[in-house]
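Biologist: I would like to learn how to read helix packing and strand pairing. Could we go through a case together?

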Amino acid sequence: MKTIVWKEIREHARWIPLGVIPIVIVLVLHWRASFLIFDDTKMLQWMVGLVASGIAICLGMLQSWPDQRPAARALLLHRGITANTVFWGKLLSGFLLYAVAVFVPLLAMAAFIAFVGIEHRPADPAAILPSALISVAAFSCWLASMLVVQRDAWMVGSRLMPGLAAGMAIFLCQGVMNYAVGMSIAIALTILVALTVIARSVC
Amino acid sequence: MMRADNIAIRTSGLTRYFGHKAALRGLTLDIPRGQVTALVGHNGAGKTTLIRMLLGLLPPTRGRSELLGHDSQSLTPEVRTRVGYLAEGHFLWGWMRVRDTARLQRETFPRWDQPLFDAMLKFFGVTPDARVRQISRGQRAGVSLAMTLATDPELLILDDPSMGLDPVARRALVEGLLAFARRDDRTILICTHLLDDVERLADRIAIISNGQLLVDAGLAEFRERVGGWTIDADFGAQQAAQIPGLVDSRQLRERTHLVVADPDQETVAAIQRISGTARREELTLKDAVLAYLRPSAMVGSISAALENVR
């Protein structure tokens, strides 16, 4: 798996800045807009969820579309490792790249809020946590985009169906977040695991 | 009938449809170990589809295939490391350096032969630091070939390996493959359009057209079993129906060239009845193969058609 992770990270790490920039913009704009208080996190959750979903979709496409060409697929799969290993290698590298693009800016923002301190602004670094949880749910878009690329479905609607599941994961997670954090996490993880199992059987 | 342990590749009733179009229809073929088999056919005949199914990269619609005695659809990593595959177009990831491609192979093929890889790079004039996207097409072909041969495979499947190679590199490739085939009785399945290479390399030939296997024979046997005649008479569908085993008829000016499979006394008599001055002609391997590959719709010849236009 190490070889596949190495290949994927070397191949796609150059796109990371393109993921980091929109997340940073969302965080900075939110910081500037809510100058006095940083605890109204609903808007931030939605914005981070939206941008993180976009990053996950793009990353999923980048990691699966080029390797769908028959010759590329053959070069990737015809070697002394199982297709399972290739899949988990792609998933792990995809999550690592996604984490750098999404979680590093969120962590940096939390660190910045802690550094500035409540004397400057009545904000708590924990305000970033819901956005980070939504971002975990948004990774389901990575799995969905891989399924969209790899599934052999003729109808566009059928082909895009995994996207619906990923969208549902994010919306349910968002909707429940402010009332029951535990349930929100459970919903996100359930859909993530379900999509992973389906993706493994298809890809 | 060959013994099962003497067969490197076996297909039985292998069929693949893409939508309503059949790319391969009920292909049954045994490729013996220790021989070089050339797979010949025009573009779209189903050669690459066959290879992709053999390697388990594409599921068949019907039928099954085996590689080294293992079902193609469930090849284990251990079996895969015993099979070298060079894909059509010599695909390599363009962002990689040549040494990165070697690393990717080395870590997933336990019998990786680094000195062989280095020697082949040197031959094709490629440095390990070169980026794949910056080397020439011929050099890329060389790197692809080096990557495949350095895995030290028992069975080598090559999909149009000469594509993009200049004549010097092509000759080196053929010589390299011959040397490779002689080492420990390796098996090679080579899919090519270059019939000169087939003549120099192959022990056997399999001709595929429109997804169907037309010929599966030893090269010498194939040459012996295909005969050519030249006749000076008019030749149409009615005459064609009289000749048993007629593979192809081609008109060049006033003469018609006939290619017949398995000619016997009855065939010779039928040809003599059409034209008493019919002459037997020596067929090259190229003539014989092209006769099989000419689509049935191409009656006559292009030159005759052009003369008719004039």
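Modeller: Start with the term axis: a helix axis is a line fitted to the C-alpha atoms over the stretch in contact, and the angle is taken between N-to-C directions. Keep in mind that this is a predicted model.

Biologist: What describes two packed helices?

Modeller: Two packed helices are described by the angle between their axes and the distance between the axes. Here, helix α3 (residues 42-64) of chain A packs on helix α7 (residues 140-150) of chain A at an angle of about 40°, and their axes are 7 Å apart. That angle makes α3(A) oblique to α7(A).

Biologist: Is the crossing of α3(A) and α7(A) left-handed or right-handed?

Modeller: α3(A) passes α7(A) in a right-handed crossing. On α3(A), the residues making the contact include Ser53(A), Ala56(A) and Ile57(A). On α7(A), Cys141(A), Trp142(A) and Ser145(A) are among them.

Biologist: Now the strands. Which strand is joined to strand β1 (residues 7-18) of chain B by 5 bridges?

Modeller: Strand β4 (residues 62-67) of chain B, and the two run antiparallel. In this pairing, Arg10(B) has Glu66(B) of β4(B) as its bridge partner.

Biologist: What stands opposite Glu66(B) in β5(B)?

Modeller: Asp71(B) does. β4(B) pairs with strand β5 (residues 70-71) of chain B in the antiparallel sense, over 2 bridges. The hairpin of β4(B) and β5(B) has 2 residues between the strands, and Leu68(B) takes a positive phi near 50° there.

Key
Residues are numbered from 1 along each chain as its sequence is written. Chains are lettered from A and ligands numbered from 1 in the order in which they are written. This is a predicted model: local features need pLDDT of at least 70, side-chain atom pairs count only at pLDDT 80 or more; totals for chains, interfaces and linings use all residues. Axes are lines fitted to C-alpha atoms, for helices over the stretch in contact, and angles run from 0 to 180 degrees between N-to-C directions. Helices (H or I, at least four residues) and strands (E, at least two) are DSSP runs, numbered from the N terminus. Angles under 35 degrees count as roughly parallel, over 145 as roughly antiparallel, 65 to 115 as roughly perpendicular and the rest as oblique. A crossing is left-handed if the near helix is turned anticlockwise from the far one by less than a right angle, and right-handed if clockwise. Two residues are in contact if their C-beta atoms, placed from the backbone, lie within 7 Å. Two strands pair if DSSP finds at least two bridges between them.
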